[in-house]
Amino acid sequence: MTKHQNLIICALLLGTAACGNSEASPKEAYERGLAALDQGQPRTARIEFLNAIKADPNNAQLRVAQARAYLELNDGVAAEAELNRARQLGTPVAETRHLMAHAYLLQNRNEQAVKEAAGAPAAQAAYAARISGQAHMKLGKLAEAAESFDKAAKVAPKDPEVWVDIAGFRRSIGNIAGAVQATDTALKLRPNDINAVVLRGELTRSQYGLAAALPWFDRAIEIDENHVPAILEKAATLGDMGEMRGMLAETRKALAIEGKHPMAFYLQAMLAARGRKFELARSLYQRTNGTFDDQPAGMLLSSAIEYQIGNVEQSVTKLERLVAIQPENRKARRLLAAAHWKRGNVDATINTLRPVADRPDADSYSLALLGQALQRRGDDKGAAVFLARAAQPQRPSAALMAPPMSDEQLNGLRQLAEAKPDEVQAQILLIGALLSKGLGDEALERARRVQAKHPGAPDAHILVGDALGVRGDFAGAAQEYRKAGNLSFTEPVAMRMIEALRRSGQGPAAAKVLQLFLEQNPRNLSAMTLAANGFMEAKKWPQAIRIYEGIRGRLGDRDAALLNNLAWAYMEQGDFDRAVPLAEKAWTLDKRNPATADTFGWILFKSGKDKARGLVLLEQASRGAPTDLQIQAHLQAARRG
């Protein structure tokens, strides 16, 4: 008797499920697949539906179910194929319009998604409205998106997926409080909704910090150990916390589940770049297949990799595009300026750095490089200004100043704000311009209006704080930054709050804010540098050295300001054996900077290793920064000695 004949007899006598050597029926696989979907396990569902389809390939119901699994896995192409097959097998087009709209959305065919969703049946109105809302978001039609999400909430107020999408929309427009509220609503309706749990983790990461977010991602992974988005969010968070081994392990786990996931390769490329393995980083980034080539983070990472490998021209091309998209991206401008400098393009170096260096909080690298570029162009007077600023150990933060803005730009932003009175970003841009032009009263009035209308948006409170700070009301500014910090305790908010507290005479409170931020974000360079600078001011040399050495371990011996401060701290401890080579390295990296010349010269003089050379360096520093009292005092002491 053949196997086929045996299966027929078993089916006739006992039913297929009773035969010990038979496979499960399509119906059973289908039911298990539906159960897996309900439990938030689309990968398991996909396998069950695949098995059912193998046994019954012309079953339209199975094809629709498989399409749902693919949609949960964010595979729009496969979902579309299954839906088209279901329609060919007799499923009415109208019954699957909401699903097809979702498939189009995943493929960024957003206009088609909106059109398809519009024809969905009344029974799927909430689903269709969700998809339409997301498509409108991608198209930049925020009013239409808001209308779609409102419709979804009215039709299905107890659908957690509706509230997850609403949360995503609110976050995208800066309404963080509203996003948190919507996410919490989704979790009340379905505590184990994995998308809501992951989103809550992302919101917590910005609201409270990296460490606070991890339990949410762990909870999501407990719900579904194969949920790749949760695994990768955990990986990214671990990486930002400096736990590189944990980050690598999580990315490998994600790749074991989904072998070509671009985010996993992106994170591994970033990890390799941090370890200065740039050829490996380039190879890994290429495996993302262009997924991040149009995203600012990807553009910056790939540019940095190309620059370090020596492909300066490619780096410049990518960075110029990024700076055009994000003119306020300082990291991009610094890297682009370095690339121009390496190519010998002095004018391009100056033009790239001007918007950064003209700000009151410009970093020492940008100031020093601009000074060197001006010197090479023959503008010694202009160079002296920026080199003297580079010599100053502390600079005011960007917290309380907006970037320079021309009258023409200001007028353009006024027109934009008037044309879009309900769009927060348009108002933010105008207020920032008003601040840069010194129009503090108007800026504060407008900022108060935005704040009253959008109390859940951190940027609204930041704007009021900035406006108050420009007027000199730092205590009031600190209060506004606290409101923003309660919604989103990010680096810009924390740095603003710390400075406002310090300027208003609340030093201990500023120290607590810094400590809290570092507890949640232990690898944040801005916070680490601020902490180390604080220890330097307090003459707590061992603590300053510990932090500076930690930063040095990550950045290498490439930051002149860092090495200069570290050399000074070692000198104050009497450790000249460490201080001298560090000071020399800092000076070698930035010879025209009065600060490095002063530190190196003073250490050579104090240590007695080369007093004559020390005096020469101190005289150089004095000429570069004639108004710096400390540098002049060192020179006079050396001359007397």
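Visitor: Which helix gives the most to the lining of the second largest pocket?
Guide: This is a predicted model, where local features need pLDDT of at least 70 and side-chain atom pairs count only at pLDDT 80 or more, while totals for chains, interfaces and linings use all residues. Residues are numbered from 1 along each chain as its sequence is written, and side-chain values use heavy atoms, without hydrogens or water. Helix 30 and helix 31 (525-537) each supply at least two lining residues, a helix being a DSSP run of H or I with at least four residues, numbered from the N terminus. With six residues, the top contributor to this lining is helix 30.

Visitor: What volume does the second largest pocket have?
Guide: A pocket is an open set of points on a 1 Å grid over the protein atoms alone, with protein on both sides within 12 Å along at least five of seven lines; lining residues have an atom within 4 Å of a point. Grid points are joined across faces, edges and corners, and the volume is the space filled by probe spheres set on them. Here the lining includes R502, L514, F535 and K540, and the volume comes to about 230 Å³.

Visitor: How many nonpolar residues does the lining of the second largest pocket have?
Guide: Nonpolar covers Ala, Val, Leu, Ile, Met, Phe, Trp, Tyr, Cys and Pro; Asp, Glu, Lys and Arg are charged, and the others, Gly among them, are polar. Among the lining residues are A510, A511, L514, L518 and F535. Next to three polar and two charged residues, the nonpolar count is seven.

Visitor: Turning to ring pairs, how far apart are the centres of Y266 and F292?
Guide: Phe, Tyr and Trp (six-membered ring) pair if their centres lie within 6.5 Å, with planes under 30 degrees apart called stacked, over 60 edge-to-face and the rest tilted. The count by this rule is six aromatic pairs. With planes at 35°, Y266 and F292 are tilted, and their centres are separated by 4.7 Å.

Visitor: Which parts of the chain does the pair of Y266 and F292 tie together?
Guide: Both partners are buried, Y266 at 10% relative accessibility and F292 at 6%; buried means under 20% relative accessible area, exposed over 50%, partly exposed in between (1.4 Å probe, protein chains only). They are 26 residues apart in sequence, so the pair joins helix 16 (residues 262-274) to the loop between helix 17 (278-286) and helix 18 (296-309).

Visitor: At what angle do the ring planes of F489 and F517 lie?
Guide: Both F489 and F517 are buried. F489 is in the loop between helix 28 (474-487) and helix 29 (491-503), and F517 is in helix 30 (residues 507-520), 28 residues apart. Their centres are 5.5 Å apart and the pair is edge-to-face, because the planes meet at 85°.

Visitor: With which residue does E258 form a salt bridge?
Guide: A salt bridge needs a side-chain nitrogen of Lys or Arg within 4 Å of a carboxyl oxygen of Asp or Glu, and the structure holds 35 of them. E258 sits in the loop between helix 15 (244-257) and helix 16, and its partner lies 215 residues away in helix 3 (residues 42-55). The closest N and O atoms are 2.7 Å apart, and the partner is R43.

Visitor: R503 and E499 are about how many helical turns apart?
Guide: Their salt bridge has its closest N and O atoms 2.7 Å apart. R503 is partly exposed at 41%, whereas E499 is buried at 13%. Both lie in helix 29, four residues apart, so the separation is about one helical turn.

Visitor: Is D575 buried or exposed?
Guide: D575 forms a salt bridge with R578, the closest N and O atoms being 2.7 Å apart. R578 is partly exposed, at 47% relative accessibility. D575 has a relative accessible area of 19%, so it counts as buried.

Conventions
1 Å grid on protein atoms, 1.4 Å probe; cavity = no way out; pocket = protein on both sides within 12 Å on 5 of 7 lines; lining within 4 Å.
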